[in-house]
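Here is a quick tour of one structure, written for someone who likes to know the cut-offs behind the words.

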Amino acid sequence: MIKVENLYKSFETKKVLKGVSLEVKDGETLVIIGGSGTGKSILLKNIIGLIKPDSGKILIDGIDVTKTDKKNLREIQKKIGFVFQEAALFDSLTIEENVSFGMKNLTNLSEQEMKKRVSSCLNMVGLSSDIEKLKPSALSGGMKKRVGLARAIAYQPKYIFYDEPTTGLDPIMSDVIGELIIHLKKELKVSSIVVTHDMNSAYKIADRIIMLYLGEVIFEGTVEKLKKTIANPKTTNDKMLKQFVDGSSVGPIPVETTFTMQ
């Protein structure tokens, strides 16, 4: 289980996270939504231990990653697979080398065992072993995303974090990625945190949804609760949630414009 308690993080004078608390239960997919610059990706980097918060707790399987030493932090990080926004594949490596990269650093598997697992993981995300010797430049955007997924699951993590997994993809491929996230949850029994702007994807994959606005949680609940809230908004937070989900420039969330109407 992952539990974040009263997390604060600033960069110089800019306050990014302002008392964020959340919980990810075993086998659950928690989706975090919110506009650009609201602290979503910074929150993920704090949880995984890439950034140290100013205050607050981050408990992963009962261990506070904000206070543990580097050795224990490394052991915790081995439990987490990370799917980056732009896939973040190594251009100079083959697909096989990309997928096996984490295994070489985090496991004691033999070369033969790693080769078998690479093929198995590619198959799990709907890719053929025929692409193993190719470089990332030979793949489409959707295929790169799936290779990134294969790499994240190759060393069999307990948790998977997804940072904007459908960014830059067409609606059909975005749905494919959503189906893969659901499939991996069922097959691998993983708990996941997904950061996304894509509400179609959020509705499809989420057990619960959290919305961040200016570093604070302004909504938390199931998809059903979210839909009921935006259907009948009562508070300012409700109206901000509705504005974001509707993708409207009109509402309590201020929008900077650089054009003038004549």
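Two strands pair if DSSP finds at least two bridges between them. Helices (H or I, at least four residues) and strands (E, at least two) are themselves DSSP runs, numbered from the N terminus. The model is a predicted one, where local features need pLDDT of at least 70, side-chain atom pairs count only at pLDDT 80 or more, and totals for chains, interfaces and linings use all residues. Residues are numbered from 1 along each chain as its sequence is written, and side-chain values use heavy atoms, with hydrogens and water left out.

**Around strand E8**

Let's start with strand E8, residues 191-195. Strand E3 (residues 29-33) runs parallel to E8 and is joined to it by 4 bridges, with Leu30 standing opposite Ile193 of E8. E7 also pairs with E8 in the parallel sense, over 5 bridges, and there Phe161 stands opposite Ile193.

**The antiparallel sheet**

Elsewhere, 4 strands make an open antiparallel sheet in the order E2-E1-E4-E5. Strand E2 (14-24) and strand E5 (63-64) sit at the edges with a single partner strand each, so one side of each has no neighbour in the sheet. Strand E4 (residues 55-60) pairs with E5 over 2 bridges in the antiparallel sense, and Ile60 stands opposite Ile63 in E5. Helix H1 (residues 40-48) packs on this sheet, touching strand E1 (2-11), E2 and E4 (contact means heavy atoms within 4.5 Å). The direction of H1 makes about 120° with that of E1; axes are lines fitted to C-alpha atoms, for helices over the stretch in contact, and angles run from 0 to 180 degrees between N-to-C directions.

**Rings**

Now the aromatics. Rings of Phe, Tyr and Trp (its six-membered ring) pair if their centres lie within 6.5 Å; planes under 30 degrees apart count as stacked, over 60 as edge-to-face and the rest as tilted. That rule gives 3 aromatic pairs. For Phe82 and Phe161 the centres are 6.4 Å apart and the planes stand at 70°, so this pair is edge-to-face. Phe82 belongs to strand E6 (residues 80-83) and Phe161 to strand E7 (residues 159-163), so the pair ties together parts 79 residues apart in sequence. Phe82, Phe84 and Phe161 are linked by ring pairs into a cluster.

Another pair is Phe90 with Phe101: the centres are 4.8 Å apart and the planes at 45°, so this one is tilted. Phe90 is in the loop between E6 and helix H3 (95-106) while Phe101 is in H3, 11 residues apart.

| Residue | Relative accessible area | Class |
|---|---|---|
| Phe82 | 14% | buried |
| Phe161 | 0% | buried |
| Phe90 | 34% | partly exposed |
| Phe101 | 38% | partly exposed |

A charge sits over a ring if NZ of Lys or CZ of Arg is within 6 Å of the ring centre and within 35 degrees of the ring normal. Lys9 lies over the face of Phe11, at 5.1 Å from the ring centre, and Lys227 lies over Tyr203 at 4.7 Å.

**Helix packing**

The axes of H3 and helix H4 (residues 111-124) come within 9 Å and cross at roughly 115°. Residues making the contact include Val99 and Met103 of H3, and Met114 and Val118 of H4.

**Loops**

Thr166 sits in the loop between E7 and helix H6 (171-188), and is buried at 6% relative accessible area. Leaving aside residues up to four places away in sequence, Thr166 touches Lys145, Ser174, Ile177, Thr196, Asp198 and Ser201.

Which residues other than glycine have a positive phi? Glu12 is one, with phi near 55°; this residue is in the loop between E1 and E2 and is exposed at 81%. Leu214 is another, at about 50°, in the loop between strand E9 (208-213) and strand E10 (216-221), and is partly exposed at 45%.

Key
Buried means under 20% relative accessible area, exposed over 50%, partly exposed in between (1.4 Å probe, protein chains only).
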